[in-house]
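Biologist: I have a new model open and would like to go through it. Can you help me read it?

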Amino acid sequence: MVALEEAVMEIIVNAGQSRSLCFEALRAARAGNFEEAQNLLREADGFSRQAHQMQTKLIEQDAGEARQPMTLIMVHAQDHLMTSLLARELSEEIIQLYQR
């Protein structure tokens, strides 16, 4: 069983790193460094995957039976994850626009 505090922090840290890398990729693309931008997005994907895997473990532990307490920090972690996923999708679209 995964400790809730550890799981939440892992989601926050990995999602935050993913989001930061997406914005670095945007800056690289704006400067015309498209290969670097794509490399940064791939790196962001790795952090996002780690955050998502931890979220999945928590969901499995909960099994839809409210076994996991819903805390403010858990909601905060979910916000970080969803924001990073949105940043990733938008970054890809904006980078394609820069390439045009």
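Modeller: One definition to start with: a residue lines a pocket if it has an atom within 4 Å of a point of that pocket. Keep in mind that this is a predicted model.

Biologist: Fine. Which helices supply at least two residues each to the lining of the largest pocket?

Modeller: Helix 2, residues 34-62, and helix 3 each do that. Helix 2 gives the most, with four residues.

Biologist: What is the volume of that pocket?

Modeller: The largest pocket has a volume of about 170 Å³. Eleven residues line the pocket, and the closest to its centre are Leu58, Ile59, Asp62, Met70 and Met74.

Biologist: How many of the lining residues are nonpolar, polar and charged?

Modeller: Six are nonpolar, four are polar and one is charged.

Biologist: Let me step back. How many helices and strands does the chain have?

Modeller: The protein chain has three helices and zero strands. Read from the N terminus, the order of elements is α-α-α.

Biologist: And the overall dimensions? What does the C-alpha trace span?

Modeller: Along its principal axes, the C-alpha trace spans about 50 × 20 × 15 Å. The chain has 100 residues, and buried ones make up 34% of them.

Biologist: What is the average confidence for the chain?

Modeller: The average pLDDT is 92, and 97% of the residues score at least 70.

Biologist: Which helix has the lowest confidence, and which the highest?

Modeller: Helix 2 is lowest, at a mean of 94, and helix 1, residues 4-30, is highest, at 96.

Biologist: New topic. Which residue does UniProt list as "active site"?

Modeller: UniProt lists His76 under that heading, in an unreviewed entry. The unreviewed entry also places "modified residue: Phosphohistidine" at His76.

Biologist: Where is histidine 76 in the fold?

Modeller: Histidine 76 is in helix 3, which covers residues 72-99.

Biologist: Why does histidine 76 count as partly exposed?

Modeller: Its relative accessible area is 37%.

Biologist: Which residue does the "binding site" annotation cover?

Modeller: The UniProt annotation, again from an unreviewed entry, covers Asp79. Aspartate 79 lies in helix 3. With a relative accessible area of 46%, aspartate 79 is partly exposed.

Biologist: What about serine 84, is it buried or exposed?

Modeller: Serine 84 counts as buried because its relative accessibility is 0%. Serine 84 is found in helix 3.

Biologist: Which backbone oxygen lies 2.8 Å from a polar atom of the serine 84 side chain?

Modeller: That is the backbone oxygen of leucine 81.

Biologist: Now threonine 71. Where is that one found?

Modeller: Threonine 71 is in the loop between helix 2 and helix 3. Threonine 71 is partly exposed, with a relative accessible area of 28%.

Biologist: How many residues apart are threonine 71 and leucine 58 in sequence, and what is their distance in space?

Modeller: They are 13 residues apart in sequence and 13 Å apart in space, C-alpha to C-alpha.

Biologist: We have not looked inside helix 1. Is leucine 21 buried or exposed?

Modeller: Leucine 21 lies in helix 1. Its relative accessible area is 3%, so leucine 21 is buried. The C-alpha atoms of leucine 21 and aspartate 62 are separated by 31 Å, and the two residues are 41 residues apart along the chain.

Biologist: And isoleucine 12, buried or exposed?

Modeller: Isoleucine 12 is also placed in helix 1. Isoleucine 12 has a relative accessible area of 13%, and the cut-off for buried is under 20%, so isoleucine 12 is buried.

How values were computed:
Residues are numbered from 1 along each chain as its sequence is written. This is a predicted model: local features need pLDDT of at least 70, side-chain atom pairs count only at pLDDT 80 or more; totals for chains, interfaces and linings use all residues. Side-chain values use heavy atoms; hydrogens and water are left out. UniProt positions are given in the numbering used here, feature names are shortened, and annotations may be inferred rather than shown by experiment. Buried means under 20% relative accessible area, exposed over 50%, partly exposed in between (1.4 Å probe, protein chains only). On a 1 Å grid over the protein atoms alone, a cavity is a set of points where a 1.4 Å probe fits but cannot get out, and a pocket is an open set with protein on both sides within 12 Å along at least five of seven lines; lining residues have an atom within 4 Å of a point. Grid points are joined across faces, edges and corners, and a volume is the space filled by probe spheres set on the points. Ala, Val, Leu, Ile, Met, Phe, Trp, Tyr, Cys and Pro count as nonpolar, Asp, Glu, Lys and Arg as charged, and the others, Gly among them, as polar. pLDDT is the predictor's confidence in each residue, from 0 to 100. A polar contact is a pair of N or O atoms within 3.5 Å; within protein, one must be able to donate a hydrogen and the other to accept it, and residues adjacent in sequence count only if both atoms are side-chain atoms.
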